[in-house]
Structures are given as C-alpha cells and as structure tokens.
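Reader: Could you walk me through how to read this structure, one feature at a time?

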Amino acid sequence: MSLLVAQDLGIAFGGVVAVDGVSFSAAPGQVLSIIGPNGAGKTTLFNLVSGLYRARRGRVTLNGEDVTGAQPQVLAAKGLSRTFQNLQVFGRMTACENVMAGRHLRERRSLAADLFRLPAVRRQNRETRAAAEELLAFVRLGERGDTPAGALPYGALKRLEIARALAPEPKALLLDEPAAGCNAVETTEIDRLIRAVADRGVAVVLVEHDMKLVMKISDRILVLDGGRPLAEGTPAEVRANPDVIRAYLGPQHGREAAHA
Amino acid sequence: MQMRAVLASRFFSLFVLAAMIGLLPLAFPSGYYFRVAALVWISALAAIGLNILMGQAGQVSLGHAGFFGIGAYAVAIGPAHLGVPPWAALVLGAALSGILALVIGKPVLRLRGHYLAIATLGLGVLVAIVLTNESRWTGGPDGMPVQRLVLFGWRVAGAETWYWVSGAVLLLGTWLALNLTDTPTGRALRALHDSEVAARVVGIDVAAYKLRAFVIAAVYASVAGSLLALMNSFITPDQAGFLHSVELVTMVVVGGLGSVLGAIVGAAVLVTLPQLLTVFREYEHLVLGLLIMLFMIFLREGIVPSLRAIFAARLRTRAAG
C-alpha cells in the first residue's frame, strides 16, 4: 500500500518545462530514490510534492487523500515533511530550538496562554524540549543542543535538518541531497539515519547524487532526465539499464557499458 | 556557562528593569527627571511591541506611530466627545488598533522587505492625515486637550505619579514579551524570521503568525500612545506622524533587534540623548545623528546584544585563562 503517490506531475517556468509527466509512489518503511543529472527536475519535483510550487498538471495523494495544490503547512499536518538541498535552518535559534520549532504541530498553541506563560505552557515546553533532545541524540547532535544553529558545521546542519524534519512525526519524508557536501564519515552517518528512519515505518523519498549511497540504501530508484521519467526499478535493474548509463555518461559510453 | 544562562534568563531581565525603575528616582535631582524617565518608559513600551514584530518575526513597520496616534486620540476623543471614561477609552483604543492591524495586516503582510516598509509607511501617513484633517473631532493640526485619568476616584496626575504608573505598565509589557520568546508562538515567529519555507514545511502558518505579531505590536503602541496623551493632557497629530514612526524603528534597531531589554535601552537613548545634547544648541540634531551612526557602526547588533556578546567573551577568556 503506497502512502505518498504522485501521478503525472508537470510544471513549466516561462515556457521551460521543468517537470513533465512524472509519477512515483512511496511505501511506508521503504526508501525510494530519485536520481538524474543536474537540472533533471528532482528538486522541482520535491517542491511540487511538498506544496511550495503549484503543479500545472497531475495529482498528489497522501494516505489516499487528494492533496494536490495544498499549502506546505497543510501537508505537514497530514504527515509530510522534508529537508532542503540548500540548508534552511533557523540560524538564530539554537539547535534544540530548531527541532522544538519542528514540534509546532504537536503542541497546543494559544497566544493568550503563551503571553501569560501559563503552567500548561511551561509543562508542554518541557515535553517539547525532551522530544527535541531525543531527536538530537538520534542524529548524534545530543551535545550541541545549546549551540546556535548558525555556528554549527555543515555536516551537523544536514543532520539537524533531518532531526527537525522528523520532529512533526511525519509519515512521509522527502530528503533533498542529505549527503551533499558531506565527507565519507558523515555520509555513512546519513546512510545509517535514513535506514533507521525507514525502519520506523516512514516512507522515505530521497534525492541524492552519491551513487554508492543510493545503490546501497534504496528499495526502488526513479531516474529523471530533462524533467521526464527515464527509468524505474530496483537498484540492480536501474544500474543495468542502458538508457540510464547513456544519460549519465553520454551516448558512446552507454553502448560500451551495456556491452560490458 | 552558568553566568551566561543567568544573563539570558527572562527573570534576570525583569529584575534589572524593576530595580532600575525602583532605584532611579534616588538619583533624580528634580521633578523634571521623573517626566523624562516616564517618557522613556512609555516609548519603551511601544518599542517592545514593535520589537516583537521586527526583532522576532523579522517584519518591518514604518507606520507604527499610526497605532500610537490611535491610542492617543482614543483617550482624547472618547471622554471629550463620546462620554467614555479615559481608562475605557484606553482599552477601546487598543482594541481598535488591534482590529485595524488585523484588517490591514492581512493583505499588507503578504508583502516583503521594502514593499512591506512602504505599505506600512502608507498606513501610518493615512492615520496622521485623518487625525490632522478631521478637526471637528481631533482639533486638527493644533491638537486637542485630554481629560485626566481617574481610577477608582484616584486622579492620576503629576510627573512622579506618571513615572510609577508608566513604569508599572512597562514592567507588565516586558513580562508578557519575555514570556512569549520561549513558547510555541515565540518559536514560530523566530522560525519564520530565519526561513519562511522551512517554517511552512514544519507546519507553521506563516501568514497567521505574522498577523499575530502585527496585532500585538499595534496594541502595545496604542497603549503607549494612550499613556502619553493622558500624561501630557494634550495631544497633537505629530505623535502619529512619520518621524515618530522612524523614531520607534530606530529605538528597536539601536537597542538591538530581538532583545526586549534592547528595545528599552534604545528608547532610553532616543528620548534622553536629545535632552543631553541641548548643550550643543543648533548642532544638537547633527550630534544626535552622528551618535546614532557611531552606535550602528561600533555596536552593529544593537547596544544590548553587542554588550552582551562582549561580556560573554570576557567571561570565556577569564574562565580559560
């Protein structure tokens, strides 16, 4: 049973078609990777699914419900979360506060209660902080909770974004190049995190350029090229697909690789 | 680390402020000082509200004196023309400001950066024009007298009395603002300040929270305007004018965006400096402008955050050394 389904999504910017007829479905506990050369439309696809862009055509369903064109905050309430390729942390807040902000939907929110800081607000704050600290420990940032996010190194910020994206307890998680710019050790750490998240029953959709990571971790892979779907299948199937090899390495290499 | 936690806690800020309000009069050589200090407390109240909008939510308002003016004229017009007691007029003025902010804020807060600045500037100018032109109600450009505030038979008058009344209201306003910082609302405001997309993706209704900050800031400014009008017993449209709006923004920025104590310090600087600089006579404004430029160059984060950072660095080197 698929949790997050995209059907025939399409969008154009000023006549340039960025995503054209792309479909995918992500199942709970599985990792679906979306790969393709730069400019293939991967991040655009994420922006469509997460409600930042409005699709010109196609449909998105989450848990069987049509959520096409819904605002990101509405999608978040229905269980969709994501990270960003170009980091979008709350730089002036501490690492812990970043994750606490991610618990927004799990909190009772009342402006009056907040202004007077009623006992219920204080109690809830403690619960939110505890939940955030648990997530920080999960991404191995337990020691850095009080550090302003703006002062954290790049690799730590990547993991902080994952912790914040997990804070609303999503059913589906879109990860946009979580290992980009990370060294080998950090990438191994990201690998472990993604597997652990999927094992919790979250449907993970991953955009990533690190092929070693993708091939190792994915249950299924969707290949995009020029905004269109090029191939889909298991890692082994995709690796053997001549179209994919051609798209990545150029036509002459494609032929050689297919024969190899 | 311990020391830094103490410095950052809201009780520390509240305690410092309460001690300042309580002890300052010991150093006052004359009644005139009570009046200047009361002016500081009232301006600080408006600045704290504006700081919630600008410092926390990161949205600028260049028309905030408009709400200040609405509060001021509410306590002038209410008792004079409508027979409403001054204290009720203060509450009604705050409600009116809040409702206006709600109605205007909805379309205006969709704008960002410079566009938002110009739109709010327009709002402030609009209020000032209405107050100037509706002279049958407002006395026009010459202003109008304001009835004395009477609470339970107690006639609130005199600089010293107003020092304590405005100080008490400032403490209340500070407490509420400090409360907000570390709650779901405060975190939502600070989050959308840093990244609107990320805030939306974690489920924060960005438009709704900007609107809340705008309404809170409007109510703070309105109450401050009412207090000033009641203290002065007279009000002119200048209080709603563009220059006053700029002054309020300058208080928040000079004191330190995002810092509640900073807003108070900023207000103190902008109210007291012109009084101190009268010795420069015709060069007064020149020196004032120069000083504000120097503040911004050398304490770029604003007075309170910059000093706090310097102090924290000192503590660290001492701990290390």
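Author: Gladly. Let us begin with burial: a residue is buried if 20 or more other C-beta atoms lie within 10 Å of its own, exposed if 12 or fewer, and partly exposed in between, with C-beta atoms placed from the backbone. Before the cases, a word on the source: this is a predicted model, in which local features need pLDDT of at least 70, side-chain atom pairs count only at pLDDT 80 or more, and totals for chains, interfaces and linings use all residues. Residues are numbered from 1 along each chain as its sequence is written, while chains are lettered from A and ligands numbered from 1 in the order in which they are written.

Reader: Is B:Ser306 buried, partly exposed or exposed, and why?

Author: B:Ser306 has 17 C-beta neighbours inside 10 Å, so B:Ser306 counts as partly exposed. B:Ser306 is found in helix H15 (residues 303-320) of chain B; helices (H or I, at least four residues) and strands (E, at least two) are DSSP runs, numbered from the N terminus.

Reader: Which residues is B:Ser306 in contact with, beyond its neighbours within four places in sequence?

Author: Two residues are in contact if their C-beta atoms, placed from the backbone, lie within 7 Å. With those neighbours left aside, B:Ser306 is in contact with B:Leu299, B:Arg300 and B:Glu301. The C-alpha atoms of B:Ser306 and B:Ala191, by comparison, are separated by 22 Å, and these two residues are 115 apart along the chain.

Reader: How should I read chain B as a whole?

Author: Start with its elements: 15 helices and 4 strands. Next comes the radius of gyration, taken over C-alpha atoms, where the globule rule is 2.2 Å times the number of residues to the power 0.38. For the 321 residues of chain B a compact globule would have a value near 20 Å, and chain B has 20 Å, which agrees. Among contacts in chain B between residues at least 6 apart in sequence, 77% join residues at least 24 apart.

Reader: What is the span of H4(B), and what should it be?

Author: The expected span of a helix is 1.5 Å times one less than its number of residues. Helix H4 (residues 65-82) of chain B has 18 residues and should span 26 Å; its end C-alpha atoms are 24 Å apart, which agrees. H4(B) also has a kink of about 25°, centred on B:Tyr73, where the bend at a residue is the angle between axes fitted to the seven residues ending there and the seven starting there. Of the 18 residues of H4(B), 15 are buried. After H4(B) comes B:Gly83, with a positive phi near 70°.

Reader: And how is chain A divided into domains?

Author: Domain bounds come from an automatic or database domain assignment. For chain A this gives domain 1 (1-79 + 170-260) and domain 2 (91-167). Their centres, taken over C-alpha atoms, are 28 Å apart.

Reader: How many residues does each chain bring to the contact between A and B?

Author: Chain A brings 32 residues and chain B brings 23. The side of chain A that touches chain B divides into 16 nonpolar, 8 polar and 8 charged residues. Here Ala, Val, Leu, Ile, Met, Phe, Trp, Tyr, Cys and Pro count as nonpolar, Asp, Glu, Lys and Arg as charged, and the others, Gly among them, as polar.
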